[in-house]
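Thanks for coming, everyone. Please bring up the sequence and the model on your screens. I will keep this brisk.

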Amino acid sequence: MRSRFQAPLRAMPPPPPGIRPFRPDDVPALGPVMWDAYRGTPDEADVGGPEGAAREIRLALDGEYGTFLPAASFVAEAQGRPVGAALVTLYRGLPLLAFLFTAPSHSGHGLGQALVRAAMHALAAEGHDTLTLAVTRRNRRARRLYEHMGFVEVA
Ligand SMILES: CC(C)(COP(=O)(O)OP(=O)(O)OC[C@H]1O[C@@H](n2cnc3c(N)ncnc32)[C@H](O)[C@@H]1OP(=O)(O)O)[C@@H](O)C(=O)NCCC(=O)NCCS
């Protein structure tokens, strides 16, 4: 069971150092990071493993979850390596946060929030006014993060 959340977009400060735009050549490194992040969560089975994670990222890039928006998608780096990402698409006319993840080794330090804020900054600058996402009801950690960031459950 998934809930749909949305947040209004307004002008935001630009992303801090360590958060940079997504590049297509990030996919091989992001697969294992995404799997590490999802392993042990209620969404683990949907990802399946590092290969499954890379496949999900490629599907997002290829338009399976709406038109991929590279300019609104960001990677968090630590010591020059990706440790998290926010991937955004345009789904049925609205920006959708298709994937958000932070490696467990780097979670709890604000990277997840910084990635979402970076996406919000880029989307607001392009004139979008709403960011949507779907989250599994039992994914309490993600839900709390979104609620603290001003998202409200709409369905
Ligand atoms: C959900 C997830 C993206 C959070 O990533 P994260 O990098 O740990 O997120 P943050 O550190 O920004 O926020 C986590 C908590 O740490 C807190 N925090 C700790 N140190 C912080 C700091 N220095 N600055 C800001 N927040 C900090 C945040 O306030 C937040 O608390 P809250 O949940 O009560 O609001 C990550 O746990 C994950 O990848 N989960 C698996 C994948 C997943 O479920 N994705 C969402 C699917 S919809």
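Some ground rules. This is a predicted model: local features need pLDDT of at least 70, side-chain atom pairs count only at pLDDT 80 or more, and totals for chains, interfaces and linings use all residues. Residues are numbered from 1 along each chain as its sequence is written. Helices are DSSP runs of H or I with at least four residues, strands are runs of E with at least two, and both are numbered from the N terminus.

First, the ligand. How many residues surround the ligand? The count is 22. A residue belongs here if its C-beta atom, placed from the backbone, lies within 6 Å of the molecule. The closest are Ala37, Thr102, Ser107, Gly110 and Gly112.

Which elements supply at least two residues each to this shell? They are α1 (27-38), β6 (94-102), α4 (111-125), β7 (130-136) and α5 (140-148). The most comes from α5, which gives five residues.

Nine residues are nonpolar, ten are polar and three are charged. For the classes, Ala, Val, Leu, Ile, Met, Phe, Trp, Tyr, Cys and Pro are nonpolar, Asp, Glu, Lys and Arg are charged, and the others, Gly among them, are polar.

Next, the helix pair. α1 packs against α3 at an angle of about 120 degrees, and their axes are 7 Å apart. That angle makes α1 oblique to α3. Here are the cut-offs: under 35 degrees is roughly parallel, over 145 is roughly antiparallel, 65 to 115 is roughly perpendicular, and the rest is oblique. Axes are lines fitted to C-alpha atoms, for helices over the stretch in contact, and angles run from 0 to 180 degrees between N-to-C directions.

Who makes the contact? From α1 come Val27, Pro28, Leu30, Gly31, Pro32, Met34 and Trp35. From α3 come Pro50, Glu51, Ala53, Ala54, Ile57 and Arg58. Contact means C-beta atoms, placed from the backbone, within 7 Å. By class, the residues of this contact of α1 with α3 are ten nonpolar, one polar and two charged.

On to the loops. I will sort residues by exposure. Buried means 20 or more other C-beta atoms within 10 Å of a residue's own, exposed means 12 or fewer, and partly exposed is in between, with C-beta atoms placed from the backbone.

Most residues other than glycine have a negative phi. Gln79 is not a glycine, yet its phi is positive, about 50 degrees. Gln79 sits in the loop between β4 (74-78) and β5 (81-91).

Now two partly exposed residues. Gly48 lies in the loop between α2 (44-47) and α3 (50-61). It has 14 other C-beta atoms within 10 Å, so it is partly exposed. Ala71 is in the loop between β3 (67-68) and β4. With 14 C-beta neighbours inside 10 Å, Ala71 is partly exposed.

Then Asp129, in the loop between α4 and β7. Asp129 is exposed, because 11 other C-beta atoms lie within 10 Å. Leaving out residues up to four places away in sequence, Asp129 touches Pro8 and Leu9.

Last, Met1, in the segment before β1 (2-8). Met1 has 6 other C-beta atoms within 10 Å, so it is exposed. How far apart are Met1 and Arg138? In sequence, 137 residues; in space, 8.0 Å from C-alpha to C-alpha.

Definitions and conventions
Two residues are in contact if their C-beta atoms, placed from the backbone, lie within 7 Å.
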